Amino acid sequence: MNFLAHLHLADISGTHLTANLAGDFAKGSIINHPKHLQQGIWLHRQIDVVTDSHEIIIDLLKQFPKSSRRVAPILIDLAFDHYLAYYWEEYHHQSLQDFTQKAYQCMQTTEQLPEKLQHIIPKIVQQDWLSSYQTKQGLNQAITGISQRLSKPELFNSAIKDVDKLYIDIEIAFRTFYPQLMAYSRIYSRKTPTEYLDSI
């Protein structure tokens with residue numbers, strides 16, 4: 001899952017939005033991170049494990065051509081954010097605009113975030129990354145943007161074309177899998193180990 005999905009899953013599970021987002025940037029043992037981020041980091045990791053091991057995702061990865069196989073997990077994450085934004089009204093009671101503003105506010109006010117996340121938050125907010133996922137153009141921009149931030153951008157040379165070819169297949173996978181992931185998130189949030197809960 002990418003940024004929008006992790007924020008959405010945090011919200012519906014009643015956990016901290018930015019703490020869940022921090023899971024992509026928080027390395028090493030969870031206990032080494034600030035207490036107010038620990039549950040979100042733990043939940044983020046559970047979501048990633050469920051996603052990576054699910055047969056729907058494994059089968060979808062196999063459909064990508066060799067040209068994009070190495071970055072296919074990233075492309076699926078971005079495409080899932082696109083479909084979540086596109087079908088947003090079916091998955092959340094707030095409008096996408098209201099939700100993104102709440103998420104941006106939370107990002108800007110949460111302290112002690114991982115350095116890399118702190119660094120990109122201004123770009124996320126100023127360029128309204130979350131809402132931009134709604135369109136196919138926004139998805140393509142996200143693919144281009146992430147390719148420029150990684151060490152081997154050439155791995156993304158055919159990424160936009162390959163995602164376009166599998167556009168319907170990815171949509172079917174999303175529509176089938178994401179409701180299950182929403183349920184998993186609610187369950188796991190209630191099973192958070194006590195040591196990761198912020199009692200303050």
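The following questions and answers look at a pocket and a helix pair in a predicted model. Residues are numbered from 1 along each chain as its sequence is written, and side-chain values use heavy atoms, with hydrogens and water left out. Local features need pLDDT of at least 70 and side-chain atom pairs count only at pLDDT 80 or more, whereas totals for chains, interfaces and linings use all residues.

Student: How much space lies in the largest pocket?
Tutor: On a 1 Å grid over the protein atoms alone, a pocket is an open set of points where a 1.4 Å probe fits, with protein on both sides within 12 Å along at least five of seven lines. A volume is the space filled by probe spheres set on the points, which are joined across faces, edges and corners. For the largest pocket this space is about 940 Å³.

Student: Which element gives the largest share of the lining of the largest pocket?
Tutor: Lining residues have an atom within 4 Å of a point, and helices are DSSP runs (H or I, at least four residues) numbered from the N terminus. The elements that give two or more residues include α3 (35-53), α5 (72-86) and α9 (136-149). The largest share, six residues, comes from α9.

Student: How are α6 and α7 oriented to each other?
Tutor: Axes are lines fitted to C-alpha atoms over the stretch in contact (heavy atoms within 4.5 Å), and angles run from 0 to 180 degrees between N-to-C directions. The axes of α6 (residues 96-109) and α7 come within 10 Å and cross at roughly 155°. Because angles over 145 degrees count as such, α6 and α7 are roughly antiparallel.

Note on methods. Angles under 35 degrees count as roughly parallel, over 145 as roughly antiparallel, 65 to 115 as roughly perpendicular and the rest as oblique.
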